[in-house]
Amino acid sequence: MYELIEKAEIFNVHKMVIKAPEIAHSIQAGQFVIIMGNEYSERIPITVSDWNTDTGAITLYVLELGISTLELARMKVGDSLYVVTGPLGIPSEIKKYGTVALGGGCYGIGGIYPIAKACKEAGNKVISIIEARYSFMFYHEKELHAVSDQVLYATSDGSKGKKGKVEDVIREMLEKGVKIDQAFFIGCTQMLERCSEATRPYAIPTKVALNSIMLDGTGMCGACRVSVGGETKFACVDGPEFDGHKVDWKELNRRRSAYTEQESVIYQSYSHECMAEKKLRGEL
Amino acid sequence: MELTAKERMAIERHGMAEQPPDLRNRNFEEVPYGYTPEEAVAEAQRCLSCKKMQCISGCPVEVPIPEFIALVAEEKFAEAARLIKTKNVLPAICGRVCPQESQCEGVCIRGKKDITKAVAIGNLERFVADYERENNLMEVPEIKDKNGFKVAVIGSGPSGLTVAGDLIKLGYEVTIYEAFHRGGGVLVYGIPEFRMPKRIVEAEIRALEDLGVKIYYNSVIGRLHKVDDLFKTLGFNAVYIGVGAGLPIFLDIPGKNLNGVFSANEYLTRSNLMKSYLFPKYRTPMIIGKKVAVLGGGNVAMDSARTAIRLGAEKVTIVYRRAREQMPARAAEVHHAEQEKIEFRLLSSPVEIYGNEEGWATGMKCQRYELGEPDESGRQRPVPIKDSFFEFDCDQVLMSIGGQANPLITSTTPDMKINKWGYIETDDWGRTNKEFVYAGGDIVTGAATVISAMGAGRRAAKAIHEDLMKETDETLQPPGGETEEGDEEK
């Protein structure tokens, strides 16, 4: 079950292609899965970036951030994941909007791909904007180019595209008078918040895929609750996409950081394997 | 040696030996140790075998109580367990979690004057089921020849397991779809180890698998497959929906979104399903509150409070709006909680949760209540006392005040009839408005008990059998599976 059939490392983002034919068959753009590497792992929600109904494979980009994602990162081709549950969440609303801007950072670079693809197929003009610290940290670019009318880059050091972040590219476009009918953003909470602030003055409908802490993913526990427009919503069954102009970001950030102490203690206690030493010993 | 009624009356009720409170409040081992065979026999001898067997009518699944107790008195323990199983497939579980005092034991003639003197039916049920399992005396029941019909069961909680168990014996091919990576539903994610050891649930599930029930884990129906797809694409002839609890309710007061405020479902799921109580071996972290407030008076509230004590809380306070005798929790759980030094703030309801600058809960303000006129449920209605408030410190708040219907199935099955609260509407036998689709348990009734969910499962299994057997004269074409025009899939 859930065999890892391909794996690649893009710095601390790990591409994992997993055999999950039923999920590949039923998933739609904007949905996610919950995975556990082994029976001791946490349940981690991950946006699905690509799937293939012929091979029955789904592609995930996993950011290595804590102990459970570190253990996922250590898995090898041929290993099997303990849990892959999905698809979960409400699919993105795909229709003819006109011009759609999609912004992705970190795991969101892969995350926006299926939405871009579906929007393109629905006849939209698709502008994909992706950010990374350095130019060599981009990935899934060929695929993204294939479904986008335009791919714009932003890097912290200016080594590719605009020096800055997605929100800087968006802001510049809007200032120049580029008409955007719908925006989608996937990435870390800070990025989602800043991008939403960039589109707010122009009242551009903005969907953000929230990454709140989840447990069961079926609406039973309420761990993922967020306040949207003053209402309590559950990201797993009401989301993951919400109106970026209505999300209570402060509360979301606070809840996301609730376990930082436990998470860092256990992460630090994990025995570190130095890959350079291994290579020197001829074990790699 | 036949005892006279007088001799039977003279025997005092046998309680179960338990871990002492000071020991058990630091571990997750089960609290009662169980009866010895001698204790079980002596307790069984207290039963008067009344002609009017009120205990049976007090049981939602009508277990033949005096008969099984008579077998216990004759030391025929495994036989007693098998007799119970003709009506209740999960006696080891029900013996532990049924609210006996408001069911069988509540109407026992021996408890008429004093409920604590009733025959300990629940303890005896637990004893015989444990005896049968621990001594490997579980018999594989007779299974009818396969009849060619396939039934999908959504959810592996008490009602789903009952439906699966009943139908596999009748010759159906049964497949359970479970959303989690472990089976048992509320028995594994909700009820803690110290009350419901997981090995017992695992043994029951293994027994079903041995009978041929297939279980697909990590399968969220409504998303992975829609209910209609189970018929059309996967060829099932009937579908039973037993998906259980829904979205937790958060008391709508200032501070409800502070960090440190949890639904009891989340708290218990972390601890039980994800085994956070064994952190860091199990990776899912848990906030360990020092001063914990639990809102609610049901079993889930007791489980949360007692979990908090075991995880190392210095003080745990249950805040409940009504009086002690109105708490819906099992009497044994309230008693155990009190023994474990959990504080009860009765006739009190929170009006605000205080927080610090970092957004973490620090305390709670409550209003005092008094009992007024009885409400529609017959319970005296709690009425707030004007200007009567109190405050106390707490860094963790666990809300256990019920839930709403889970929308996963109903929102993806738009032609399913639901009531105004979002629960599925069925007839008395679990039939929904959709042909060959049945439902039972919490998704129909809202939060209720394990035994009532099992009763619903039992009735639905009968209805499924009855409805499908009408079909046997026709072809074995799946009733919902007629291919649509131009659909070449089949």
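Helices (H or I, at least four residues) and strands (E, at least two) are DSSP runs, numbered from the N terminus. The views below show a predicted model, in which local features need pLDDT of at least 70 and side-chain atom pairs count only at pLDDT 80 or more, while totals for chains, interfaces and linings use all residues. Residues are numbered from 1 along each chain as its sequence is written, chains are lettered from A and ligands numbered from 1 in the order in which they are written, and side-chain values use heavy atoms, with hydrogens and water left out.

View 1. Pro240(A) is located in the loop between β14 (231–234) and β15 (241–243) of chain A. The peptide bond that leads from Gly239(A) to Pro240(A) is cis, with omega near 15°. A cis bond also joins Gly86(A) to Pro87(A), with omega near -5°, and Pro87(A) belongs to strand β6 (residues 83–88) of chain A. Most peptide bonds are trans, and most residues other than glycine have a negative phi. Ala203(A), a residue other than glycine, has a positive phi near 50°. Ala203(A) lies in the loop between α7 (189–199) and β12 (206–209) of chain A. With a relative accessible area of 62%, Ala203(A) is exposed (buried means under 20% relative accessible area, exposed over 50%, partly exposed in between, with a 1.4 Å probe and protein chains only).

**View 2. A positive phi at Lys275(B).** Although Lys275(B) is not a glycine, its phi is positive, at about 55°. The residue is found in the loop between α13 (264–272) and β6 (291–295) of chain B. Lys275(B) counts as buried, at 12% relative accessibility.

**View 3. Packing of helices α9 and α18 in chain B.** Helix α9 (residues 158–169) of chain B packs against helix α18 (residues 450–469) of chain B at an angle of about 35°, and the two axes are 7 Å apart. Axes are lines fitted to C-alpha atoms, for helices over the stretch in contact, and angles run from 0 to 180 degrees between N-to-C directions. Residues of α9(B) including Thr162(B), Val163(B) and Asp166(B) meet residues of α18(B), among them Ala453(B), Gly457(B) and Arg458(B); contact means heavy atoms within 4.5 Å. Eight nonpolar, three polar and two charged residues make up the contact of α9(B) with α18(B). Here Ala, Val, Leu, Ile, Met, Phe, Trp, Tyr, Cys and Pro count as nonpolar, Asp, Glu, Lys and Arg as charged, and the others, Gly among them, as polar.

**View 4. Aromatic pairs around Phe77(B).** Over all chains, a search of the whole structure finds 17 aromatic pairs. Rings of Phe, Tyr and Trp (its six-membered ring) pair if their centres lie within 6.5 Å; planes under 30 degrees apart count as stacked, over 60 as edge-to-face and the rest as tilted. Phe77(B) and Phe127(B) form an edge-to-face pair, 4.9 Å centre to centre and with 90° between the planes. Because Phe77(B) lies in helix α6 (residues 77–85) of chain B and Phe127(B) in helix α8 (residues 121–134) of chain B, the pair ties together parts 50 residues apart in sequence. Phe77(B) and Phe127(B) are both buried. Phe77(B) also pairs edge-to-face with Tyr131(B), as the ring centres are 4.9 Å apart and the planes stand at 70°. Tyr131(B) is partly exposed, with a relative accessible area of 27%.

**View 5. Charges over rings in chain B.** Lys150(B) lies over the face of Phe236(B), 4.9 Å from the ring centre. The charged end of Lys365(B) sits over the ring of Phe389(B), at 4.6 Å from its centre. The criterion is that NZ of Lys or CZ of Arg is within 6 Å of the ring centre and within 35 degrees of the ring normal.

**View 6. Surroundings of Ser227(A).** Ser227(A) is placed in strand β13 (residues 225–228) of chain A and is buried, with a relative accessible area of 8%. Ser227(A) and Val247(A) are 20 residues apart in sequence, and their C-alpha atoms are 6.1 Å apart in space. Leaving aside neighbours within four places in sequence, Ser227(A) is in contact with Lys246(A), Val247(A), Asp248(A), Glu251(A) and Asn257(B).
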